[in-house]
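Please look at the sequence and the structure below before reading on.

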Protein chains: 2
Amino acid sequence: MAVTNEQSDRRTRRTRLALKTAFIELILEKGYDAVTILDVTGRADYNRGTFYKHFIDKEDLLREIHDDLLTDLAEALVRPYEGLRQVNADMISPSILQLFRHIESHKHDFLALLTVSREKLRADLLQTFRHSMQEDMHIEMKPGAPQLDYDILLSYQTSATVGVIMHWAETRFRYSAEYMTEQLIALVNTPIDHIVFKRRT
Amino acid sequence: MAVTNEQSDRRTRRTRLALKTAFIELILEKGYDAVTILDVTGRADYNRGTFYKHFIDKEDLLREIHDDLLTDLAEALVRPYEGLRQVNADMISPSILQLFRHIESHKHDFLALLTVSREKLRADLLQTFRHSMQEDMHIEMKPGAPQLDYDILLSYQTSATVGVIMHWAETRFRYSAEYMTEQLIALVNTPIDHIVFKRRT
DNA sequence: CAGGAAACGTTGACTAACCGACACCACGAC
DNA sequence: GTCGTGGTGTCGGTTAGTCAACGTTTCCTG
């Protein structure tokens, strides 16, 4: 049997979404291991057999949720750059904001994935962001500035961004996407020698 | 073709509920007359043809929502009395609370019906409440108390209750079901001659 | 360890929902 | 006038989801 359709039929879209949503809720409530297929289909109000029309097993469903999220995030990150011939520093902020807003609107997905596999999520975020930035552009230094290596710059920036995102999630998204963006952009724009670290008295 | 079953199949339950919910949302957004079948099925994400598998037309759908609500309310009203041989005054409060809680949890339905046909809703509420109380019980006066006519008592009580509910809805359910119950019970228990109406100075 | 419950994974017959197409209206625009 | 444009109601063929049933595995508890 061919893998059949993708999202063409309303019914499949509805069902897959309902199963994913139910799964995420249940993971947050009782933890990944404790969730059964029966739980998922029960919560979503579908027949148990229907699950197997769409997914191989629990891991398969989780993997798809994971992949969906990462794909969407990568897309949100580069969408603001679409059509632009070159990207100046002032275009970074909208892009980061898009990214943070998307995370905020999918915070349950994010938290569920976080509880299941924190380090895998971090690693995949790093890899995805790096990859989609690398695909989309390269850099060129203004004359007089020190020449920077793009690969190193990317490592620096993506690590910092992902670090902030993980912290944001782990503190349960206390602040708004707007505030987080503001802070991150401020950090990017502040040379380290403008900051004074003082020893606690 | 037999009328088939009622709510047996998950699919029919899902679909009917989704269509009803979408319809209610749309009524509140743009008004009953402006809502098309295409709007409803679009919002609910179902094929237009599916609508006609379940409902004859827009009025049919509205009528069903209306009937559902009234049936549920009547049921909520008498459920607390179930199994009791006799009902004393102190059992009224839980019953009213049940009723108000149910309305609160279906406030969108209520508001939608309110905007479509205010007076029909009031009339049907009166009729339904009166009917389900009349079915369930009769009264007996304690010796020494003035002998009251049950039919008149019912008119008095149901009108008062429905009046309070309508006011509650029209002020967009500002207060909680608990508060409304408290107030209504206090009114029932306060003889009119304990209240002093003063002319505004 | 045995026995039983609970979840799994799969099957097959049935049916709701899908989609695209049809003809029919109502209405406003040109 | 008539030409869209947009909503209605209906149809037939196709496909997703339903339910009940099956044997299997897993895991707990007496």
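How much area is buried between domain 1 of chain A and domain 2 of chain A, and what percentage of it do carbon and sulfur atoms give? In this predicted model, the two domains bury about 1400 Å² between them, and carbon and sulfur atoms give 72% of that area. On the side of domain 1 of chain A, A:Ile24, A:Leu28 and A:Tyr32 supply 41% of the area buried against domain 2 of chain A, more than any other three residues.

The domain assignment places domain 1 of chain A at 8–55 and domain 2 at 57–190, and their C-alpha centres lie 28 Å apart. Contact between them involves 15 residues of domain 1 and 15 residues of domain 2. Between these domains there are 3 salt bridges, and the side chains of A:Glu64 and A:Arg16 meet in a salt bridge with an N to O distance of 2.5 Å. The side of domain 1 of chain A that touches domain 2 takes two or more residues from each of helix 1, helix 2 (37–44) and helix 3 of chain A, with the largest share, 7 residues, coming from helix 1. By class, that side divides into 11 nonpolar, 1 polar and 3 charged residues.

Chain B and chain A, for their part, bury about 710 Å² between them, with 29% of it on carbon and sulfur atoms. In chain B, B:Arg10, B:Arg14 and B:Asp45 lose the most area to chain A, together making up 70% of what that side buries. Across this interface the rule finds 4 salt bridges, and one pairs the side chains of A:Arg10 and B:Asp45 at 3.1 Å, N to O. The side of chain B that touches chain A has 1 nonpolar, 1 polar and 4 charged residues.

DNA strand D is surrounded by 20 residues, the closest being A:Thr15, A:Thr50, A:His54, B:Arg10 and B:Arg48.

| Residue and atom | Atom of DNA strand D | Distance |
|---|---|---|
| B:Ser8, backbone N or O | phosphate oxygen | 3.3 Å |
| B:Arg10, polar side-chain atom | phosphate oxygen | 2.7 Å |
| B:Arg48, side-chain N or O | base nitrogen | 2.9 Å |

Helix 3 of chain A gives the most to the surface near DNA strand D, with 4 residues, and by class this surface has 4 nonpolar, 8 polar and 8 charged residues.

Conventions
Residues are numbered from 1 along each chain as its sequence is written. Chains are lettered from A and ligands numbered from 1 in the order in which they are written. This is a predicted model: local features need pLDDT of at least 70, side-chain atom pairs count only at pLDDT 80 or more; totals for chains, interfaces and linings use all residues. Side-chain values use heavy atoms; hydrogens and water are left out. A residue is near a molecule or strand if one of its heavy atoms lies within 4 Å of it. A polar contact is a pair of N or O atoms within 3.5 Å; within protein, one must be able to donate a hydrogen and the other to accept it, and residues adjacent in sequence count only if both atoms are side-chain atoms. Ala, Val, Leu, Ile, Met, Phe, Trp, Tyr, Cys and Pro count as nonpolar, Asp, Glu, Lys and Arg as charged, and the others, Gly among them, as polar. Buried area is the accessible area (1.4 Å probe) that two parts lose on being put together, summed over both. Domain bounds come from an automatic or database domain assignment. Contact means heavy atoms within 4.5 Å.
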